[in-house]
Amino acid sequence: MASHAECRPLGVFECELCTLTAPYSYVGQKPPNTQSMVLLEESYVMKDPFTSDKDRFLVLGSCCSLCSRLECSLFYSKRFCLPCVRENISAFPQEIRQDLEKRKAPSKRTPSQPGSRM
């Protein structure tokens, strides 16, 4: 059974873009209870609440490598917030561009008319 101290949050992570909030239990690159795992960036981490495996964790977010906003959006070799991805979209591979298009599609809430394209 995990000790109470292992589960105690250090604080609350809040994404500056989407306002997601979640309690975090670690900030850094080497989450506790991981043998050889080293994250590529200093990240806010919480124990995975969906498993009893103490080695499992969720990365909540980190600072954007371009603008330094604390956020939860996109990791591609470094952390990037969605506004910075959009500003620099030509620097990202096609897969990232397609993913961004998928993210934009549901947010377009306009009444559909016959023959109109969304």
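T34 is placed in the loop that runs between strands β3 (26–28) and β4 (43–47); helices (H or I, at least four residues) and strands (E, at least two) are DSSP runs, numbered from the N terminus. The model is predicted, so local features need pLDDT of at least 70 and side-chain atom pairs count only at pLDDT 80 or more, while totals for chains, interfaces and linings use all residues. Residues are numbered from 1 along each chain as its sequence is written, and side-chain values use heavy atoms, with hydrogens and water left out.

T34 has a relative accessible area of 12% and is therefore buried (under 20% relative accessible area, with exposed over 50% and partly exposed in between; 1.4 Å probe, protein chains only). Residues up to four places away in sequence not being counted, T34 touches D55 and F57, contact meaning heavy atoms within 4.5 Å.

Rings of Phe, Tyr and Trp (its six-membered ring) were paired if their centres lie within 6.5 Å, with planes under 30 degrees apart taken as stacked, over 60 as edge-to-face and the rest as tilted. Y24 is buried, at a relative accessible area of 15%. Together with F13, Y24 and Y44 form one aromatic cluster.

The F80 and F92 rings are also edge-to-face, since their centres are 5.1 Å apart and their planes at 90°. F80 lies in strand β8 (residues 78–80) and F92 in the loop between α2 (82–87) and α3 (94–104), so the pair ties together parts twelve residues apart in sequence. F80 is buried, with a relative accessible area of 11%, and F92 is buried, with 6%.
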